[in-house]
Amino acid sequence: MTGTTTPTSTVAARAVDLHKTYGSGDSEVRALDGVTVDFHQGEFTAIMGPSGSGKSTLMHCLAALDTPTSGSVVVDGVELGSLNDKALTRLRRERIGFVFQAFNLIPTLTAKENILLPLDLAGHKPDRAWFDTVVDTVGLRDRLGHRPSEMSGGQQQRVACARALVSQPSIVFADEPTGNLDSTSGAEVLGFLRRSVEEFGQTIVMVTHDAVAASYCDRVVFLRDGRIVDELAHPSREQILEHMASLQTAPARGER
Ligand code: ADP
């Protein structure tokens, strides 16, 4: 049966039988309980699930920000477990882009300096044409000299999106990127993320609680009790809401 397997070459990130356990004995928490999932190149995927279902833990393990208790993570063809700390830092800087809920911009730097920071840290010169493309995609041309305090939340998150895209990473991880934005700014940011998938073939994995945000995605995977329990392709907001409601009401682990 080969029809369902995916060639490794089209996989931007892969988790295989991922477990993450906190504590031990009676206080043991299985944040991840055997997660196997592929994220394909050029695909925009949302990770959803009730609070405490393991979304952040999964994203942190995939993004080399946390280490699983067992199992493996492959990003851009590289098994993370085989890398030392220095190599992991390099991989994070050069192959992974991040967008956080709280923007995480450096307040003393201008928008342009913030966007170029990952490249500066990696010792790389920006590709001028690509920088211009990214800046124009997120509509920041006239804000490049502004500091974060001189910009709205939506504009700051657009800077964060540009910063994530400018190094042409293999994968962008977005952690509740619209969580601090009003619905108009949120829609703009999601629109830019979507465009980067359509126009640049960017791979994006986004953790979100928001069914509207997830409806911009090609695929939604649902976590519950540290396991992937369902997934939807090209879902509507209504389908996502229905799935979320059924996850909330299904019996929890130990009650089945
Ligand atoms: P989500 O992002 O879906 O809300 P998390 O990945 O943050 O879920 O957490 C999954 C489970 O792991 C939860 O039960 C949470 O309390 C637990 N957990 C997460 N981080 C820690 C930690 N550092 N120490 C102990 N338990 C943790």
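**Entry 1. The largest cavity**

I looked up the lining of the largest cavity and found six nonpolar residues, one polar and one charged. In this scheme Ala, Val, Leu, Ile, Met, Phe, Trp, Tyr, Cys and Pro count as nonpolar, Asp, Glu, Lys and Arg as charged, and the others, Gly among them, as polar. The model is predicted: local features need pLDDT of at least 70 and side-chain atom pairs count only at pLDDT 80 or more, while totals for chains, interfaces and linings use all residues. Residues are numbered from 1 along each chain as its sequence is written, and side-chain values use heavy atoms, with hydrogens and water left out.

I noted the lining residues as Met59, His60, Ala63, Leu65, Phe98, Phe100, Phe173 and Asp175. H1, S6 and strand S7 (171-175) each contribute at least two of the lining residues. Helices (H or I, at least four residues) and strands (E, at least two) are DSSP runs, numbered from the N terminus. The volume of this cavity is about 40 Å³, and the structure holds one cavity of 30 Å³ or more.

On a 1 Å grid over the protein atoms alone, a cavity is a set of points where a 1.4 Å probe fits but cannot get out, and a pocket is an open set with protein on both sides within 12 Å along at least five of seven lines; lining residues have an atom within 4 Å of a point. Grid points are joined across faces, edges and corners, and a volume is the space filled by probe spheres set on the points.

I turned to the largest pocket, which holds about 400 Å³ of space. Its lining has 16 residues, with Arg92, Phe98, Pro118, Leu121 and Arg163 nearest the centre. Helix H2 (85-95), strand S6 (96-100), helix H3 (111-122) and helix H5 (153-165) each give two or more residues to this lining. S6 gives the most, with four. By class I found nine nonpolar, four polar and three charged residues.

The second largest pocket has about 230 Å³ of space. Among its 14 lining residues, Asp66, Thr67, Pro68, Leu80 and Leu88 are closest to the centre. Strand S4 (residues 70-75) gives the most to this lining, with three residues. I counted its classes as eight nonpolar, four polar and two charged.

**Entry 2. The ligand**

I listed the shell around the ligand (residues with a heavy atom within 4 Å) as Tyr22, Val29, Ala31, Pro50, Ser51, Gly52, Ser53, Gly54, Lys55, Ser56 and Thr57. The shell divides into four nonpolar, six polar and one charged.

I then checked the polar contacts, defined as pairs of N or O atoms within 3.5 Å; within protein, one must be able to donate a hydrogen and the other to accept it, and residues adjacent in sequence count only if both atoms are side-chain atoms. A polar side-chain atom of Thr57 is 2.5 Å from a ligand oxygen. For Ser56, a side-chain N or O atom lies 2.7 Å from an oxygen atom of the ligand. Gly54 places a backbone N or O atom 3.0 Å from a ligand oxygen. The protein covers 59% of the 570 Å² of accessible area (Shrake-Rupley method, 1.4 Å probe; for residues, only the protein chains shown count as cover) that the ligand has on its own.

**Entry 3. The whole chain**

I noted eight helices and ten strands in the protein chain.
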